[in-house]
Amino acid sequence: MLPQKQAEEAIVSTFSETEQEGKEEARDDQKEDEHSSIFSVKSLLWHGGSVWDAWFSCASNQVAQVLLTLPYSFSQLGMLSGILLQIFYGLIGSWTAYLISVLYIEYRSRTEKENVSFKNHVIQWFEVLDGLLGPYWKAAGLAFNCTFLLFGSVIQLIACASNIYYINDRLDKRTWTYIFGACCATTVFIPSFHNYRIWSFLGLGMTTYTAWYMAIAAIVHGQVDGVTHSGPTKLVLYFTGATNILYTFGGHAVTVEIMHAMWKPQKFKYIYLLATLYVFTLTIPSASAVYWAFGDQLLNHSNAFSLLPKNGFRDAAVILMLIHQFITFGFACTPLYFVWEKVIGMHDTKSICLRALARLPVVIPIWFLAIIFPFFGPINSAVGALLVSFTVYIIPSLAHMLTYRKASARQNAAEKPPFFLPSWAGMYALNTFVVVWVFVVGFGFGGWASMTNFVRQVDTFGLFAKCYQCKPPPAAGPAAAAAAAAAHHHH
(Lines give C-alpha, C1' and ligand atoms only; values in the text may rest on other atoms or scores of the structure.)
Protein backbone atom coordinates (compact mmCIF):
# COMPACT_ATOMS: atom_id res chain seq x y z
CA MET A 1 0.00 0.00 0.00
CA LEU A 2 3.02 2.25 0.26
CA PRO A 3 3.09 3.62 -3.31
CA GLN A 4 -0.59 4.43 -3.21
CA LYS A 5 -0.14 6.55 -0.15
CA GLN A 6 2.82 8.34 -1.63
CA ALA A 7 0.96 8.85 -4.84
CA GLU A 8 -1.94 10.40 -3.00
CA GLU A 9 0.37 12.73 -1.15
CA ALA A 10 1.96 13.71 -4.43
CA ILE A 11 -1.42 14.53 -5.91
CA VAL A 12 -2.46 16.57 -3.03
CA SER A 13 0.37 18.27 -1.27
CA THR A 14 2.07 19.75 -4.30
CA PHE A 15 -0.45 22.03 -5.78
CA SER A 16 1.26 25.40 -5.64
CA GLU A 17 3.65 24.28 -8.27
CA THR A 18 6.23 27.02 -8.18
CA GLU A 19 8.31 26.36 -5.09
CA GLN A 20 7.64 22.68 -5.07
CA GLU A 21 8.25 21.81 -8.71
CA GLY A 22 11.59 20.12 -8.02
CA LYS A 23 10.32 18.17 -5.08
CA GLU A 24 7.35 16.95 -7.06
CA GLU A 25 9.44 15.76 -9.99
CA ALA A 26 11.74 13.84 -7.68
CA ARG A 27 8.86 12.28 -5.90
CA ASP A 28 7.14 11.37 -9.14
CA ASP A 29 10.23 9.60 -10.45
CA GLN A 30 10.65 7.71 -7.23
CA LYS A 31 7.00 6.68 -7.36
CA GLU A 32 7.27 5.54 -10.99
CA ASP A 33 10.36 3.42 -10.30
CA GLU A 34 8.75 1.77 -7.35
CA HIS A 35 5.64 1.01 -9.36
CA SER A 36 7.42 -0.29 -12.39
CA SER A 37 9.40 -2.78 -10.38
CA ILE A 38 6.94 -4.30 -7.93
CA PHE A 39 3.45 -3.14 -8.58
CA SER A 40 3.40 -2.78 -12.34
CA VAL A 41 0.29 -4.91 -12.91
CA LYS A 42 -1.60 -3.49 -10.00
CA SER A 43 -0.81 0.10 -10.89
CA LEU A 44 -1.74 -0.54 -14.51
CA LEU A 45 -5.17 -1.90 -13.66
CA TRP A 46 -6.12 -0.14 -10.49
CA HIS A 47 -4.45 3.21 -9.71
CA GLY A 48 -4.73 5.75 -12.49
CA GLY A 49 -4.16 9.47 -12.42
CA SER A 50 -2.49 10.40 -15.67
CA VAL A 51 -3.82 12.66 -18.42
CA TRP A 52 -4.74 9.56 -20.40
CA ASP A 53 -6.82 8.20 -17.55
CA ALA A 54 -8.78 11.39 -17.33
CA TRP A 55 -9.34 11.35 -21.09
CA PHE A 56 -10.55 7.75 -21.02
CA SER A 57 -12.86 8.48 -18.09
CA CYS A 58 -14.39 11.48 -19.82
CA ALA A 59 -14.80 9.86 -23.19
CA SER A 60 -16.19 6.57 -21.96
CA ASN A 61 -18.43 8.41 -19.57
CA GLN A 62 -19.99 10.52 -22.27
CA VAL A 63 -21.59 7.98 -24.52
CA ALA A 64 -23.21 4.78 -23.47
CA GLN A 65 -26.81 3.96 -24.04
CA VAL A 66 -27.26 7.24 -25.78
CA LEU A 67 -25.60 5.79 -28.87
CA LEU A 68 -28.60 3.54 -29.29
CA THR A 69 -31.08 6.37 -28.93
CA LEU A 70 -29.41 8.98 -31.12
CA PRO A 71 -30.88 7.51 -34.34
CA TYR A 72 -34.29 7.94 -32.68
CA SER A 73 -33.47 11.57 -31.90
CA PHE A 74 -32.34 12.03 -35.50
CA SER A 75 -35.70 10.75 -36.72
CA GLN A 76 -37.36 13.43 -34.59
CA LEU A 77 -34.95 16.19 -35.65
CA GLY A 78 -34.08 15.35 -39.23
CA MET A 79 -30.52 14.78 -40.43
CA LEU A 80 -29.31 18.40 -40.63
CA SER A 81 -30.60 19.54 -37.23
CA GLY A 82 -29.31 16.36 -35.66
CA ILE A 83 -25.73 16.88 -36.80
CA LEU A 84 -25.68 20.63 -36.12
CA LEU A 85 -27.15 20.29 -32.64
CA GLN A 86 -24.63 17.60 -31.75
CA ILE A 87 -21.74 19.84 -32.69
CA PHE A 88 -23.30 22.85 -30.96
CA TYR A 89 -24.01 21.08 -27.66
CA GLY A 90 -20.70 19.27 -27.80
CA LEU A 91 -18.81 22.56 -27.91
CA ILE A 92 -20.98 24.22 -25.25
CA GLY A 93 -20.51 21.16 -23.06
CA SER A 94 -16.73 21.41 -23.42
CA TRP A 95 -16.88 25.09 -22.56
CA THR A 96 -18.78 24.53 -19.32
CA ALA A 97 -16.46 21.62 -18.43
CA TYR A 98 -13.61 24.09 -18.86
CA LEU A 99 -15.37 26.54 -16.53
CA ILE A 100 -15.80 23.81 -13.93
CA SER A 101 -12.09 23.03 -14.10
CA VAL A 102 -11.21 26.73 -13.71
CA LEU A 103 -13.42 27.02 -10.63
CA TYR A 104 -11.96 23.84 -9.18
CA ILE A 105 -8.41 25.13 -9.56
CA GLU A 106 -9.41 28.48 -8.09
CA TYR A 107 -10.96 26.78 -5.06
CA ARG A 108 -8.00 24.48 -4.67
CA SER A 109 -5.43 27.28 -4.79
CA ARG A 110 -7.43 29.47 -2.38
CA THR A 111 -7.76 26.68 0.17
CA GLU A 112 -4.15 25.54 -0.20
CA LYS A 113 -3.08 29.08 0.74
CA GLU A 114 -4.79 28.46 4.07
CA ASN A 115 -2.82 25.20 4.43
CA VAL A 116 -5.77 22.85 4.15
CA SER A 117 -4.73 19.35 3.11
CA PHE A 118 -6.98 17.00 1.14
CA LYS A 119 -5.23 13.79 1.96
CA ASN A 120 -8.10 11.33 2.29
CA HIS A 121 -10.73 13.69 1.01
CA VAL A 122 -12.23 13.80 -2.47
CA ILE A 123 -13.22 17.34 -3.45
CA GLN A 124 -16.66 17.52 -5.00
CA TRP A 125 -18.45 20.13 -7.04
CA PHE A 126 -20.71 21.31 -4.21
CA GLU A 127 -17.67 21.93 -1.99
CA VAL A 128 -16.15 24.09 -4.72
CA LEU A 129 -19.38 26.11 -4.90
CA ASP A 130 -19.47 26.36 -1.12
CA GLY A 131 -15.87 27.57 -0.90
CA LEU A 132 -16.24 30.16 -3.66
CA LEU A 133 -19.84 31.35 -3.36
CA GLY A 134 -21.29 30.25 -0.02
CA PRO A 135 -23.91 27.89 1.38
CA TYR A 136 -26.89 28.67 -0.86
CA TRP A 137 -24.93 27.78 -3.96
CA LYS A 138 -23.71 24.66 -2.24
CA ALA A 139 -27.29 23.60 -1.57
CA ALA A 140 -28.36 24.24 -5.17
CA GLY A 141 -25.36 22.43 -6.63
CA LEU A 142 -25.82 19.49 -4.31
CA ALA A 143 -29.55 19.15 -4.97
CA PHE A 144 -29.25 19.22 -8.77
CA ASN A 145 -26.17 17.05 -8.92
CA CYS A 146 -27.46 14.32 -6.65
CA THR A 147 -30.84 14.13 -8.33
CA PHE A 148 -29.15 14.00 -11.70
CA LEU A 149 -26.75 11.22 -10.68
CA LEU A 150 -29.55 9.34 -8.97
CA PHE A 151 -31.66 9.30 -12.13
CA GLY A 152 -28.58 8.59 -14.22
CA SER A 153 -28.09 5.41 -12.22
CA VAL A 154 -31.75 4.50 -12.51
CA ILE A 155 -31.52 4.90 -16.28
CA GLN A 156 -28.60 2.48 -16.35
CA LEU A 157 -30.56 -0.25 -14.62
CA ILE A 158 -33.54 0.05 -16.93
CA ALA A 159 -31.27 0.19 -19.93
CA CYS A 160 -29.64 -3.07 -18.86
CA ALA A 161 -32.96 -4.84 -18.56
CA SER A 162 -34.24 -3.54 -21.83
CA ASN A 163 -31.07 -4.44 -23.71
CA ILE A 164 -30.70 -7.97 -22.45
CA TYR A 165 -34.28 -8.52 -23.49
CA TYR A 166 -33.04 -8.46 -27.09
CA ILE A 167 -30.84 -11.50 -26.39
CA ASN A 168 -33.00 -13.46 -23.98
CA ASP A 169 -36.71 -12.74 -23.75
CA ARG A 170 -37.60 -15.66 -21.50
CA LEU A 171 -37.83 -13.31 -18.51
CA ASP A 172 -39.81 -10.08 -18.68
CA LYS A 173 -38.04 -6.74 -18.33
CA ARG A 174 -39.07 -6.20 -14.73
CA THR A 175 -37.45 -9.43 -13.61
CA TRP A 176 -34.28 -8.46 -15.45
CA THR A 177 -34.32 -5.17 -13.55
CA TYR A 178 -34.37 -7.07 -10.24
CA ILE A 179 -31.40 -9.17 -11.33
CA PHE A 180 -29.32 -6.24 -12.56
CA GLY A 181 -30.13 -4.20 -9.49
CA ALA A 182 -28.53 -6.90 -7.41
CA CYS A 183 -25.46 -6.97 -9.67
CA CYS A 184 -25.03 -3.21 -9.63
CA ALA A 185 -25.19 -3.12 -5.85
CA THR A 186 -21.67 -4.60 -5.86
CA THR A 187 -20.24 -1.21 -6.91
CA VAL A 188 -20.34 -0.24 -3.22
CA PHE A 189 -17.00 -2.03 -2.85
CA ILE A 190 -15.03 0.21 -5.22
CA PRO A 191 -13.37 2.96 -3.13
CA SER A 192 -12.76 5.88 -5.54
CA PHE A 193 -12.17 7.00 -9.11
CA HIS A 194 -8.50 6.04 -9.12
CA ASN A 195 -9.72 2.49 -9.20
CA TYR A 196 -11.69 2.78 -12.43
CA ARG A 197 -8.68 2.91 -14.69
CA ILE A 198 -8.96 -0.39 -16.56
CA TRP A 199 -12.73 -0.01 -16.66
CA SER A 200 -12.82 3.28 -18.46
CA PHE A 201 -10.30 1.92 -20.92
CA LEU A 202 -12.53 -1.08 -21.65
CA GLY A 203 -15.65 1.04 -21.66
CA LEU A 204 -14.30 3.20 -24.44
CA GLY A 205 -13.46 0.11 -26.47
CA MET A 206 -17.00 -1.15 -26.04
CA THR A 207 -18.73 2.03 -27.13
CA THR A 208 -16.36 2.33 -30.09
CA TYR A 209 -17.21 -1.20 -31.18
CA THR A 210 -20.95 -0.63 -30.78
CA ALA A 211 -20.90 2.65 -32.70
CA TRP A 212 -19.05 1.22 -35.67
CA TYR A 213 -21.11 -1.95 -35.58
CA MET A 214 -24.25 0.19 -35.87
CA ALA A 215 -22.87 2.25 -38.73
CA ILE A 216 -21.59 -0.73 -40.72
CA ALA A 217 -24.63 -2.92 -40.07
CA ALA A 218 -26.93 -0.14 -41.22
CA ILE A 219 -24.93 0.48 -44.40
CA VAL A 220 -24.70 -3.25 -45.19
CA HIS A 221 -28.42 -3.63 -44.56
CA GLY A 222 -29.13 -0.81 -46.99
CA GLN A 223 -32.23 1.35 -47.06
CA VAL A 224 -35.58 -0.22 -46.21
CA ASP A 225 -38.17 -0.36 -49.00
CA GLY A 226 -40.06 2.91 -49.33
CA VAL A 227 -37.92 4.63 -46.67
CA THR A 228 -39.10 8.14 -45.74
CA HIS A 229 -37.21 10.84 -43.89
CA SER A 230 -39.95 13.25 -42.92
CA GLY A 231 -38.45 14.78 -39.73
CA PRO A 232 -38.80 17.31 -38.28
CA THR A 233 -42.60 17.31 -38.20
CA LYS A 234 -43.82 18.00 -34.64
CA LEU A 235 -42.59 20.62 -32.18
CA VAL A 236 -42.95 18.27 -29.20
CA LEU A 237 -40.82 15.64 -30.92
CA TYR A 238 -38.30 18.18 -32.14
CA PHE A 239 -37.60 19.50 -28.66
CA THR A 240 -37.63 16.02 -27.14
CA GLY A 241 -34.91 15.04 -29.58
CA ALA A 242 -32.95 18.22 -28.98
CA THR A 243 -33.09 17.63 -25.24
CA ASN A 244 -31.74 14.13 -25.67
CA ILE A 245 -28.74 15.62 -27.47
CA LEU A 246 -28.31 18.23 -24.73
CA TYR A 247 -28.28 15.25 -22.39
CA THR A 248 -25.68 13.38 -24.48
CA PHE A 249 -23.09 16.07 -24.00
CA GLY A 250 -24.08 16.84 -20.43
CA GLY A 251 -21.79 14.23 -19.07
CA HIS A 252 -19.92 16.23 -16.53
CA ALA A 253 -21.72 15.76 -13.32
CA VAL A 254 -18.61 13.81 -12.33
CA THR A 255 -16.06 16.20 -13.85
CA VAL A 256 -14.69 17.43 -10.54
CA GLU A 257 -14.22 13.96 -9.13
CA ILE A 258 -12.38 12.77 -12.25
CA MET A 259 -10.22 15.89 -12.12
CA HIS A 260 -9.45 15.32 -8.46
CA ALA A 261 -8.28 11.82 -9.36
CA MET A 262 -5.54 13.26 -11.61
CA TRP A 263 -1.99 13.72 -10.42
CA LYS A 264 -1.87 17.23 -11.95
CA PRO A 265 -5.38 18.69 -12.27
CA GLN A 266 -4.18 21.78 -14.20
CA LYS A 267 -3.94 19.67 -17.33
CA PHE A 268 -7.65 18.90 -17.32
CA LYS A 269 -8.67 21.97 -19.35
CA TYR A 270 -8.43 20.57 -22.86
CA ILE A 271 -9.03 16.93 -22.05
CA TYR A 272 -12.78 17.29 -22.10
CA LEU A 273 -12.71 18.93 -25.51
CA LEU A 274 -10.51 16.17 -26.91
CA ALA A 275 -12.85 13.57 -25.43
CA THR A 276 -15.82 15.30 -27.05
CA LEU A 277 -14.11 15.40 -30.43
CA TYR A 278 -13.51 11.67 -30.20
CA VAL A 279 -17.13 11.13 -29.21
CA PHE A 280 -18.24 12.96 -32.38
CA THR A 281 -16.49 10.30 -34.46
CA LEU A 282 -18.72 7.73 -32.75
CA THR A 283 -22.07 9.47 -32.54
CA ILE A 284 -22.37 11.26 -35.88
CA PRO A 285 -21.56 8.38 -38.29
CA SER A 286 -23.59 5.77 -36.42
CA ALA A 287 -26.69 7.92 -35.95
CA SER A 288 -26.66 9.19 -39.53
CA ALA A 289 -26.16 5.72 -41.00
CA VAL A 290 -28.97 4.12 -39.01
CA TYR A 291 -31.31 7.01 -39.77
CA TRP A 292 -30.38 6.84 -43.46
CA ALA A 293 -31.22 3.13 -43.54
CA PHE A 294 -34.44 3.05 -41.54
CA GLY A 295 -35.85 6.56 -41.72
CA ASP A 296 -39.18 7.15 -40.02
CA GLN A 297 -39.40 3.61 -38.62
CA LEU A 298 -37.09 4.88 -35.89
CA LEU A 299 -39.87 7.06 -34.48
CA ASN A 300 -41.33 3.86 -32.96
CA HIS A 301 -38.02 2.20 -32.12
CA SER A 302 -35.91 4.25 -29.80
CA ASN A 303 -33.47 1.41 -29.25
CA ALA A 304 -31.52 0.98 -32.46
CA PHE A 305 -30.81 -2.66 -31.60
CA SER A 306 -34.47 -3.49 -32.19
CA LEU A 307 -34.22 -2.71 -35.92
CA LEU A 308 -30.80 -4.13 -36.77
CA PRO A 309 -30.80 -7.79 -37.90
CA LYS A 310 -30.11 -10.33 -35.15
CA ASN A 311 -26.70 -11.97 -35.52
CA GLY A 312 -23.51 -12.63 -33.58
CA PHE A 313 -22.26 -9.08 -34.02
CA ARG A 314 -25.44 -7.63 -32.61
CA ASP A 315 -25.36 -9.95 -29.60
CA ALA A 316 -21.75 -8.95 -28.99
CA ALA A 317 -22.73 -5.28 -29.10
CA VAL A 318 -25.61 -5.87 -26.65
CA ILE A 319 -23.37 -7.71 -24.19
CA LEU A 320 -20.66 -5.04 -24.41
CA MET A 321 -23.25 -2.33 -23.79
CA LEU A 322 -24.45 -4.23 -20.72
CA ILE A 323 -20.95 -4.35 -19.26
CA HIS A 324 -20.51 -0.70 -20.12
CA GLN A 325 -23.73 0.22 -18.34
CA PHE A 326 -22.46 -1.55 -15.28
CA ILE A 327 -19.33 0.62 -15.40
CA THR A 328 -21.29 3.82 -15.95
CA PHE A 329 -23.52 2.88 -13.07
CA GLY A 330 -20.37 2.88 -10.96
CA PHE A 331 -19.37 6.26 -12.36
CA ALA A 332 -22.73 7.82 -11.62
CA CYS A 333 -23.03 6.27 -8.19
CA THR A 334 -19.55 6.89 -6.79
CA PRO A 335 -20.10 10.64 -6.22
CA LEU A 336 -23.43 9.82 -4.59
CA TYR A 337 -21.63 7.46 -2.25
CA PHE A 338 -19.11 10.21 -1.43
CA VAL A 339 -21.87 12.69 -0.61
CA TRP A 340 -23.69 10.14 1.51
CA GLU A 341 -20.50 9.22 3.38
CA LYS A 342 -19.86 12.89 4.14
CA VAL A 343 -23.42 13.32 5.37
CA ILE A 344 -23.16 10.44 7.85
CA GLY A 345 -19.53 11.19 8.68
CA MET A 346 -18.00 8.01 7.31
CA HIS A 347 -15.92 9.58 4.54
CA ASP A 348 -12.54 9.07 6.21
CA THR A 349 -13.13 5.46 7.21
CA LYS A 350 -10.31 3.16 6.10
CA SER A 351 -12.18 -0.15 6.08
CA ILE A 352 -13.72 -1.03 2.73
CA CYS A 353 -16.42 -3.31 4.15
CA LEU A 354 -17.65 -0.71 6.60
CA ARG A 355 -17.89 1.81 3.78
CA ALA A 356 -19.75 -0.68 1.62
CA LEU A 357 -22.33 -1.19 4.37
CA ALA A 358 -22.71 2.54 4.82
CA ARG A 359 -23.31 2.94 1.07
CA LEU A 360 -26.15 0.45 0.73
CA PRO A 361 -28.96 2.94 1.48
CA VAL A 362 -27.96 4.76 -1.72
CA VAL A 363 -28.44 1.73 -3.95
CA ILE A 364 -31.86 0.64 -2.69
CA PRO A 365 -33.88 3.73 -3.82
CA ILE A 366 -32.25 3.57 -7.25
CA TRP A 367 -33.38 -0.01 -7.63
CA PHE A 368 -36.88 0.90 -6.51
CA LEU A 369 -37.23 3.81 -8.93
CA ALA A 370 -36.05 1.64 -11.80
CA ILE A 371 -38.94 -0.72 -11.13
CA ILE A 372 -41.56 2.04 -10.80
CA PHE A 373 -40.67 3.93 -14.00
CA PRO A 374 -39.57 1.38 -16.57
CA PHE A 375 -40.24 3.65 -19.54
CA PHE A 376 -36.95 5.22 -19.98
CA GLY A 377 -37.35 7.04 -23.21
CA PRO A 378 -39.34 9.84 -21.77
CA ILE A 379 -37.71 10.07 -18.35
CA ASN A 380 -34.48 10.47 -20.19
CA SER A 381 -35.47 13.65 -21.93
CA ALA A 382 -37.14 14.86 -18.74
CA VAL A 383 -33.92 14.42 -16.80
CA GLY A 384 -32.10 16.22 -19.59
CA ALA A 385 -34.40 19.20 -19.53
CA LEU A 386 -35.02 19.59 -15.81
CA LEU A 387 -31.68 18.54 -14.31
CA VAL A 388 -28.86 18.43 -16.85
CA SER A 389 -29.68 21.89 -18.15
CA PHE A 390 -29.03 23.36 -14.69
CA THR A 391 -26.34 21.06 -13.33
CA VAL A 392 -24.13 21.11 -16.35
CA TYR A 393 -24.80 24.29 -18.26
CA ILE A 394 -26.44 26.99 -16.17
CA ILE A 395 -24.89 26.63 -12.70
CA PRO A 396 -21.22 26.51 -13.84
CA SER A 397 -21.68 29.56 -16.10
CA LEU A 398 -23.39 31.61 -13.38
CA ALA A 399 -20.88 30.47 -10.77
CA HIS A 400 -18.00 31.56 -12.99
CA MET A 401 -19.54 34.99 -13.55
CA LEU A 402 -20.15 35.50 -9.83
CA THR A 403 -16.75 34.24 -8.71
CA TYR A 404 -14.93 36.73 -10.90
CA ARG A 405 -17.28 39.69 -10.59
CA LYS A 406 -14.76 41.74 -8.55
CA ALA A 407 -11.69 43.23 -10.20
CA SER A 408 -9.47 41.85 -7.42
CA ALA A 409 -10.71 38.31 -8.05
CA ARG A 410 -9.94 38.72 -11.72
CA GLN A 411 -6.41 39.93 -11.01
CA ASN A 412 -5.60 37.07 -8.64
CA ALA A 413 -7.31 34.42 -10.76
CA ALA A 414 -5.45 31.12 -10.67
CA GLU A 415 -6.36 30.57 -14.33
CA LYS A 416 -6.39 33.47 -16.79
CA PRO A 417 -8.91 33.56 -19.66
CA PRO A 418 -8.02 31.15 -22.52
CA PHE A 419 -6.01 32.25 -25.56
CA PHE A 420 -9.00 32.17 -27.94
CA LEU A 421 -11.03 34.53 -25.69
CA PRO A 422 -8.41 36.77 -24.10
CA SER A 423 -10.78 39.29 -22.49
CA TRP A 424 -13.00 38.84 -19.43
CA ALA A 425 -15.78 40.66 -21.27
CA GLY A 426 -15.73 37.99 -23.95
CA MET A 427 -16.01 35.26 -21.35
CA TYR A 428 -18.93 37.04 -19.72
CA ALA A 429 -20.71 37.40 -23.06
CA LEU A 430 -20.28 33.70 -23.84
CA ASN A 431 -21.45 32.65 -20.38
CA THR A 432 -24.53 34.85 -20.62
CA PHE A 433 -25.35 33.32 -24.01
CA VAL A 434 -25.03 29.78 -22.60
CA VAL A 435 -27.28 30.58 -19.63
CA VAL A 436 -30.00 32.22 -21.72
CA TRP A 437 -29.95 29.63 -24.51
CA VAL A 438 -30.05 26.60 -22.22
CA PHE A 439 -32.67 28.16 -19.98
CA VAL A 440 -35.03 29.04 -22.82
CA VAL A 441 -34.46 26.19 -25.28
CA GLY A 442 -33.30 23.42 -22.96
CA PHE A 443 -35.28 24.02 -19.82
CA GLY A 444 -38.26 25.90 -21.27
CA PHE A 445 -39.13 24.18 -24.55
CA GLY A 446 -37.32 20.96 -23.70
CA GLY A 447 -38.98 20.68 -20.31
CA TRP A 448 -42.40 21.29 -21.80
CA ALA A 449 -41.91 18.69 -24.54
CA SER A 450 -40.43 15.99 -22.36
CA MET A 451 -42.94 16.38 -19.52
CA THR A 452 -45.83 16.15 -22.01
CA ASN A 453 -44.29 12.96 -23.34
CA PHE A 454 -43.67 11.55 -19.86
CA VAL A 455 -47.22 12.08 -18.65
CA ARG A 456 -48.47 10.28 -21.76
CA GLN A 457 -46.33 7.27 -20.85
CA VAL A 458 -47.78 7.01 -17.36
CA ASP A 459 -51.28 7.28 -18.81
CA THR A 460 -50.63 4.62 -21.44
CA PHE A 461 -48.62 2.05 -19.51
CA GLY A 462 -49.17 2.75 -15.82
CA LEU A 463 -46.46 2.59 -13.13
CA PHE A 464 -44.64 -0.67 -12.39
CA ALA A 465 -45.19 -1.77 -16.01
CA LYS A 466 -44.25 -5.41 -16.22
CA CYS A 467 -42.75 -5.51 -19.67
CA TYR A 468 -42.63 -2.02 -21.17
CA GLN A 469 -43.16 -2.08 -24.94
CA CYS A 470 -42.22 -5.66 -25.47
CA LYS A 471 -44.77 -6.58 -28.12
CA PRO A 472 -45.38 -3.84 -30.66
CA PRO A 473 -47.93 -1.58 -28.91
CA PRO A 474 -51.35 -1.19 -30.60
CA ALA A 475 -51.54 1.83 -32.84
CA ALA A 476 -52.26 4.56 -30.34
CA GLY A 477 -50.91 7.28 -32.56
CA PRO A 478 -47.44 8.78 -32.39
CA ALA A 479 -47.58 9.34 -28.63
CA ALA A 480 -47.17 5.69 -27.73
CA ALA A 481 -44.65 5.40 -30.50
CA ALA A 482 -42.48 8.23 -29.31
CA ALA A 483 -42.35 6.36 -26.07
CA ALA A 484 -40.97 3.17 -27.45
CA ALA A 485 -37.89 4.04 -25.64
CA ALA A 486 -37.21 1.41 -23.14
CA ALA A 487 -33.52 1.78 -23.46
CA HIS A 488 -33.53 5.41 -24.23
CA HIS A 489 -30.80 6.51 -22.09
CA HIS A 490 -27.45 7.98 -21.50
CA HIS A 491 -24.84 8.09 -19.03
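# Close-up views of a predicted model

View 1. Ile 87, Leu 91, Tyr 270, Leu 273, Leu 274, Leu 277, Phe 419 and Phe 420 together make a nonpolar surface patch of about 790 Å². Two elements give two or more residues to the patch, namely α6 (79-113) and α13 (271-294). Helix α13 hands over the largest share, three residues. Leu 273 sits in helix α13, and at 32% relative accessibility Leu 273 counts as partly exposed. A residue can join a patch if it has over 30% relative accessible area and no salt bridge; nonpolar side chains (Val, Leu, Ile, Met, Phe, Trp, Tyr) are then joined within 5 Å, and like charges within 9 Å. The areas come from the Shrake-Rupley method with a 1.4 Å probe, and for residues only the protein chains shown count as cover.

**A quick note on the model.** This is a predicted model, where local features need pLDDT of at least 70 and side-chain atom pairs count only at pLDDT 80 or more, while totals for chains, interfaces and linings use all residues. Residues are numbered from 1 along each chain as its sequence is written, and side-chain values use heavy atoms, with hydrogens and water left out.

View 2. Helix α11 covers residues 235-248, which is 14 residues, and reaches 20 Å from its first C-alpha to its last, close to the 20 Å expected at 1.5 Å a residue. That expected span is 1.5 Å times one less than the number of residues. Helices (H or I, at least four residues) and strands (E, at least two) are DSSP runs, numbered from the N terminus. Of the 14 residues of α11, 12 are buried, so the helix is largely enclosed by the rest of the structure. Among them are Val 236, Leu 237, Phe 239 and Tyr 247. Buried here means under 20% relative accessible area, exposed means over 50%, and partly exposed is in between (1.4 Å probe, protein chains only).

**View 3. Salt bridges.** The count comes to five salt bridges, each being a side-chain nitrogen of Lys or Arg within 4 Å of a carboxyl oxygen of Asp or Glu. One of them joins the side chains of Glu 127 and Lys 342 (2.7 Å, N to O). This pair links distant parts of the chain, with Glu 127 in helix α7 (residues 125-133) and Lys 342 in helix α14 (residues 312-344), 215 residues apart. Glu 127 counts as buried, at 14% relative accessibility. Lys 138 and Asp 130 also meet in a salt bridge (3.9 Å, N to O); Lys 138 is partly exposed at 28%, and so is Asp 130 at 30%. Then there's Lys 310 with Asp 315, whose closest N and O atoms are 3.4 Å apart. Lys 310 counts as exposed, at 52% relative accessibility.

View 4. The structure holds 18 aromatic pairs. The rings of Trp 55 and Phe 56 have centres 5.3 Å apart and planes at 65°, so this pair is edge-to-face. Both Trp 55 and Phe 56 are buried. Rings of Phe, Tyr and Trp (its six-membered ring) pair if their centres lie within 6.5 Å; planes under 30 degrees apart count as stacked, over 60 as edge-to-face and the rest as tilted. Elsewhere, Phe 88, Tyr 89, Tyr 393, Phe 433 and Trp 437 form one aromatic cluster. As for cysteines, the count comes to zero disulfides, a disulfide being a pair of cysteine sulfur atoms within 2.5 Å. Cys 58 is buried, with a relative accessible area of 3%, and Cys 333 counts as buried at 0%.
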